[in-house]
Amino acid sequence: MVQKERSKLLIKHQKGSKIAEQFRMIRTNIEFISKKRALKTIMITSTKPQEGKSTIIANLADVMGRQNMNVLIIDADLRLPSQHYILGVDNAVGLTDILEETLAVNAVIQKTTLHNVDIISAGQSPNNPSELLSKPALTELFETVKEHYDYILVDAPPVIVADTTIVAQEIDGIIMVAEENKTPKQKFQKAMTTLKSTHTPIIGIILNKTKQDKGSKYYYYNK
Ligand SMILES: Nc1ncnc2c1ncn2[C@@H]1O[C@H](COP(=O)(O)OP(=O)(O)O)[C@@H](O)[C@H]1O
Ligand SMILES: [Mg+2]
C-alpha cells in the first residue's frame with residue numbers, strides 16, 4: 001500500500017515531463033539564492049491543509065538528489081505527518097525522539113529509495129508539539145545536519161498552526177505554496193504577514209495544482 005502511495009505521488013522523469021521541468025526550475029532558483037546568502041534549511045508551508053506542501057517537498061528532494069545534492073527531509077508536521085507515507089519509510093521513531101532527547105540524530109535518520117535523499121520522519125505524534133518544537137534540541141539538530149547535507153527540506157503544518165512560526169524562526173528560508181484559484185487571497189496575505197513577523201526570508205511562492213497540472217495529472221504522475 002505504501003509503495004502504491006509513493007508511486008502515485010512522485011513525478012516521472014521521462015523527457016518532456018513538464019512538472020519535472022518545473023521542479024528543476026525551482027531547484028535552480030534555490031541554488032541561485034544559495035550563492036548569495038546562507039540557505040541550507042528550507043521550510044515549505046502554506047495557508048491551509050491539502051495545498052500540496054508535502055508532495056512538493058518529496059518531489060523537490062527527488063530532483064535535488066538527482067543533481068547530486070545531499071538532501072535531508074525533516075517532517076516537522078508532528079500533528080499530521082505524511083512524508084513517511086509518501087516515501088514509504090517507517091515512522092516508529094523520528095523528530096519527536098530527538099526533541100524529547102530519547103534518541104540521537106543518527107538513530108533516526110533513514111535512507112529513502114530516492115538517490116541522495118535521507119529522511120527524519122515525524123515519529124510518534126506527541127501531545128505537546130508546539131512545546132517540543134520550541135526546545136533548543138531543534139536548533140541543535142539543524143546545526144548538526146547542516147554539516148552533513150547540502151539542503152534540509154522541512155515539512156511543516158499550515159501557517160495558522162503555531163508550530164510553523166516556531167520552526168520558521170530556526171530556518172534559513174521559507175517557501176510558500178498556494179493553490180491556483182483556491183487559496184483565499186485574504187487568508188494567504190494574513191499568512192504572509194504572520195511569516196514576515198518571524199524575520200526569516202520568504203524565498204519564493206509555488207503556485208500548485210495549476211490548471212496545467214490538474215488537466216494532465218495522469219500525464220505528470222505515475223499511475
Ligand atoms: N500538483 C498537484 N496535482 C495534483 N494533485 C496534487 C498536486 N500536489 C498535491 N496533490 C495532491 O493533493 C493532496 C494534498 O497534498 P499534500 O502534499 O498532502 O498537501 P499538504 O501537505 O499541503 O497538506 C494529495 O492527495 C496530493 O497527492
Ligand atoms: Mg503535509
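Modeller: Since this is a predicted model, let us begin with helix α3, residues 53–66, whose 14 residues reach 20 Å from the first C-alpha to the last, close to the 20 Å expected at 1.5 Å a residue.

Colleague: How many residues of α3 are buried?

Modeller: Helix α3 is mostly covered, with 13 of its 14 residues buried, and it is followed by N68, whose phi is positive, near 65°.

Colleague: How many salt bridges does the structure hold, and why can such pairs form?

Modeller: Side chains of opposite charge can pair when their charged atoms come close. The structure holds seven salt bridges, among them one between the side chains of E21 and R24, at 3.0 Å from N to O. Both residues lie in helix α2, residues 18–36, three residues apart, which is about one turn of the helix. E21 counts as partly exposed because its relative accessibility is 38%, and R24 counts as partly exposed at 27%.

Colleague: Which parts of the chain does the pair of D163 and R79 link?

Modeller: The side chains of D163 and R79 meet in a salt bridge at 2.8 Å, N to O, and this pair links distant parts of the chain, since D163 lies in helix α9 (residues 162–168) and R79 in the loop between β2 (71–75) and α4 (83–87), 84 residues apart. D163 is buried, with a relative accessible area of 0%, whereas R79 is partly exposed at 42%.

Colleague: Is K111 buried or exposed?

Modeller: K111 counts as exposed, because its relative accessibility is 66%, above the 50% cut-off. Its salt-bridge partner D118, at 3.5 Å from N to O, is buried, with a relative accessible area of 11%.

Methods: Residues are numbered from 1 along each chain as its sequence is written. Chains are lettered from A and ligands numbered from 1 in the order in which they are written. This is a predicted model: local features need pLDDT of at least 70, side-chain atom pairs count only at pLDDT 80 or more; totals for chains, interfaces and linings use all residues. Side-chain values use heavy atoms; hydrogens and water are left out. Helices (H or I, at least four residues) and strands (E, at least two) are DSSP runs, numbered from the N terminus. The expected span of a helix is 1.5 Å times one less than its number of residues. Buried means under 20% relative accessible area, exposed over 50%, partly exposed in between (1.4 Å probe, protein chains only). A salt bridge is a side-chain nitrogen of Lys or Arg within 4 Å of a carboxyl oxygen of Asp or Glu.
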